[in-house]
Amino acid sequence: MGVFELIEHTLILAGAGLILLAAIGILRMPDLLIRMHATTKAATLGSALMVAGVAVHFESVQVGTRALAVIVFLLITAPVAAHMLARAAYFLGVPLWRHTAIDELGSHYDRETHELTAAEEEELAEIEAALIEQDR
Amino acid sequence: MPDPVDHPVHIIAMVMLCIALGLGFIRLFLGPSLPDRVLALDMITMIGIGFIALYAIATDKGTLLDVAIALGLIAFLATVAFATFLERSTLARRRRSGRL
């Protein structure tokens with residue numbers, strides 16, 4: 001058993017293990033955003049590792065460049081897709097986990113009017129009053 | 001044509017991927033919301049890329065990776081399209097109900 005075969009088997013097993021972890025995560029985690037946290041990264045890295053294992057197995061330039069293309073494409077597109085899905089889900093009002101401690105967007109995003117506000121209304125009023133005071 | 005899985009490591013990896021596929025389908029059925037299902041579909045496509053990688057090794061055909069490229073492209077487009085659709089339909093529903 002050569003060194004290349006050892007590397008290939010390690011990559012394949014690590015990739016499959018990460019994908020299995022991602023699947024367990026998507027089933028067990030309590031809400032959508034935590035599920036995305038568990039799944040997107042682990043599944044992407046897992047399939048990238050498996051494709052890298054294919055590249056090591058064949059040891060040829062043609063397969064290597066294809067594998068590189070797949071890996072780069074996966075690593076570029078996965079965060080974009082995850083971001084868009086999480087954004088849409090937040091606008092849709094998908095409920096967060098009941099133990100969620102921090103929802104920083106929650107006080108700034110108005111779900112009824114779909115508007116973002118920079119600060120609370122009292123803070124805005126204070127800033128406005130200060131500006132008017134300055135003008136005088 | 002050679003045996004699709006010929007090495008213990010490949011068999012183990014194949015079993016792991018099959019279990020992952022089953023768990024992904026359970027989440028696809030359970031939901032509970034549409035973004036959850038889209039996320040499960042996205043993960044199932046990633047598992048499909050893993051299957052293609054294993055199959056490329058087992059059948060000794062490197063050109064199968066072209067299929068993986070196409071599958072990754074389709075998965076990305078599908079997720080982005082679903083997300084855009086969800087966002088637009090949410091806003092349109094609010095607009096219809098006169099809240100926006």
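Residues are numbered from 1 along each chain as its sequence is written, and chains are lettered from A in the order in which they are written. In this predicted model, local features need pLDDT of at least 70, side-chain atom pairs count only at pLDDT 80 or more, totals for chains, interfaces and linings use all residues, and side-chain values use heavy atoms, with hydrogens and water left out.

**Chain A**

Chain A has four helices and two strands. Helices (H or I, at least four residues) and strands (E, at least two) are DSSP runs, numbered from the N terminus. From that end, the elements of chain A run α-α-α-β-β-α. The radius of gyration of chain A is 23 Å, well over the 14 Å that the globule rule gives for 136 residues, so chain A is more spread out than a compact globule. That radius is taken over C-alpha atoms, and the globule rule is 2.2 Å times the number of residues to the power 0.38.

Chain A is divided into domain 1 (3-98) and domain 2 (104-136). These bounds come from an automatic or database domain assignment. Taken over C-alpha atoms, the centres of the two domains of chain A are separated by 40 Å.

**Chain B**

Chain B has three helices and zero strands. Its pattern along the sequence is α-α-α. The radius of gyration of chain B is 18 Å, well over the 13 Å from the globule rule for 100 residues, so chain B is also more spread out than a compact globule.

**Contacts and charges**

Contact means heavy atoms within 4.5 Å. Among contacts with a separation of 6 or more, residues 24 or more positions apart account for 53% in chain A. The corresponding share in chain B is 51%.

Lys and Arg count as positive and Asp and Glu as negative; His and the chain ends are not counted. Each charge is placed at NZ of Lys, CZ of Arg, CG of Asp or CD of Glu. Chain A has 8 positive and 17 negative charges, with mean positions 12 Å apart. In chain B, the mean positions of the 9 positive and 7 negative charges are 25 Å apart.
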